[in-house]
Amino acid sequence: MKILYLTARQPYPVVKGDQIIAYEQIRELSKNNEVYLVTYADKDIEILKSEMNKYCKEILILNDNKFKSILSMSKSFFNLNSIQANQFYRISSKMKINKYFKKVCPEVVHVQSFRMAKYFMNYNGDKSIDLIDAYSLNMYKRFKQEKTVIKWLWNIEYKLLLKYENQILKKYRNKTIVAQRDKEYFKDDSIVVNPNGTSVNISEINKYIKTDGKSRDAIIFQGNMSYFPNVEAVTYIKNFLWDKIKKKNNNAYIYIVGGKPSNQIKEINQVDFKVTGYVKDMQEYLAKAYVAMYPIQSATGMQNKVLEAMAAGVPTIISKECLKGIPGLQHNMNIIVAEHEDEYIEFYDKLINNEEYYLLIQSNALKFIEQNYTWEINVKKLINMWLERSK
C-alpha cells in the first residue's frame, strides 16, 4: 500500500509525544508498505533524512522557521481560525504538497493532528486523521488555570480550536484518537480509539542496568519539558513532595528528562533535582530509575511516559488524571494511583521498603504493556480501519 503521511513536526529527532507516534507508526508501516513522508522541519534536517530514509520511500521536507510561523499565526486576526492551525498552513506548502501528491498517487493519505488537516480537508479519496488528543480541551484547561495577563489568549485559542476541530470531524470520515475520554469529549461515535504503543524494550533496559546499575534512590519524570502539564507536575513535585520524599529517603534524587525545558524548570535544577534536557536515548535514564512519579493534573489523551516507565519495569505512581487515559490499569496491581500529597509519599515509601510489593507492581506492569500497548497493535488497528472503510 502507498501511504502519504503528513506531520507538522519532524518525526526525528524525537522530543514530543506526536513525534513519538509519527516515528513509531512510520517504522511499523514501512515493514509492509511504501511510506511517503511530508513534514515541516527547521533544524537537524540531515539527521532527519538519515534516520527516516531507512523507513520512507521518499521525504518531502517543508522548510520552517520562526519568522514563517509567526507570519502564518498572525492570519488568525483576519480569518478567525485557530492560531496553531494557521501556524502550519501556507499556500506555498499547499502547492508543493499537491504536486507531490500527483507524483506519488497514494492509496491512503494519513494526516497527523489538526495542524495539517487543512491540506486535505476537501480531498474526497481515502484519507484519515489522527486527532491524537482533544487539543481544544487541553486549551480550555490551560485557560482555566492561567493566572497571568495572557489568560484571554488561551480562551480565544480554545474557542477557535474547538470550532476548527468540529470542522475536521465533518470533513474526515476516518478518525483516530488515543484515549476514550477524548472521544467522549467530541461526542462522535465514528472516531476510532487507537491507544499508543511503546518502543521501550526491557531487554535493552536490562543491558543498561547490567552496565550502569540501578539505584534505589533514583526517581524519574520524563517528557517534553516545555509542555504546560509537565511543567506543572514537576513544579508540584518540587514544591509539595520533595521535602517529604527526602525525609523518607535522604539520598533520593530525581531525573527530569526531556527536551526544551522551560525557564521555570531550568531554575529548579540542582544536585538532587537533575534537569537533563534532551537525551538521545530515554531508555538509559529509565534503566537508572527505581520509581517513576507523574502527578499530572491537567492531562488529555494518553501519557506516553506512563507506558514507557511500565515497559521499562519501573513501578509507577500516577495521578487520577493520568489513569483516565489508559484503560486496563489497576491500582495496586500494575500501577499505583495517588490522590493527594500524603499518598504519593506513602506509596513511594512502600515501594522502596517493600520488595514483594515492588516486584508485584513491576511484573504485572510488564505483562500489561506486552499484551495491550505495542506499536504493532497500534498500526494493525490503523490499517484495519483503512481497509474496512475503503470498501
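The text below describes the sheet, then the cores, then the helix packing.

The model is predicted, so local features need pLDDT of at least 70 and side-chain atom pairs count only at pLDDT 80 or more, while totals for chains, interfaces and linings use all residues. Residues are numbered from 1 along each chain as its sequence is written, and side-chain values use heavy atoms, with hydrogens and water left out.

**Sheet**

An open sheet is built from 7 strands with parallel pairing, in the order E3-E2-E1-E4-E5-E6-E7. Strands (E, at least two residues) and helices (H or I, at least four) are DSSP runs numbered from the N terminus, and two strands pair if DSSP finds at least two bridges between them. Strand E3 (58–63) and strand E7 (192–193) are the edges; each has a single partner strand, so one side of each has no neighbour in the sheet. Helix H6 (residues 91–104) packs on the sheet and touches E1, E2, E3 and strand E4 (108–112). The direction of H6 makes about 170° with that of E3. Strands E1 (residues 2–7) and E2 (residues 34–41) are joined in the parallel sense by 6 bridges, and isoleucine 3 stands opposite valine 35 in E2.

**Cores**

A nonpolar core is a set of buried Ala, Val, Leu, Ile, Met, Phe, Trp, Tyr and Cys residues joined through side-chain atoms within 4.5 Å; buried means under 20% relative accessible area with a 1.4 Å probe, protein chains only. The largest core has 114 residues, and Phe120, Phe221, Tyr294 and Ile317 touch the most other members. Helix H11 (residues 228–248) gives the largest share of this core, 8 residues. Another core, of 21 residues, lies apart from it and includes Leu48, Met52, Ile61 and Met385. Leaving aside neighbours within four places in sequence, tyrosine 294 is in contact (heavy atoms within 4.5 Å) with residues including Phe221, Lys305, Ile317 and Tyr344.

**Helix pairs**

Axes are lines fitted to C-alpha atoms over the stretch in contact, and angles run from 0 to 180 degrees between N-to-C directions.

| Pair | Angle | Axis distance |
|---|---|---|
| H7 (residues 135–145), H8 (residues 151–171) | roughly 165° | within 8 Å |
| H16 (residues 341–353), H17 (residues 355–372) | about 100° | 6 Å |

H7 is therefore roughly antiparallel to H8, a class for angles over 145 degrees. The contact includes Tyr140 and Phe143 of H7 and Trp154 and Leu161 of H8. H16 and H17 are therefore roughly perpendicular, the class from 65 to 115 degrees. Phe347, Lys350, Leu351 and Asn353 of H16 meet Glu355, Tyr357 and Tyr358 of H17.

Notes: Buried means under 20% relative accessible area, exposed over 50%, partly exposed in between (1.4 Å probe, protein chains only). Angles under 35 degrees count as roughly parallel, over 145 as roughly antiparallel, 65 to 115 as roughly perpendicular and the rest as oblique.
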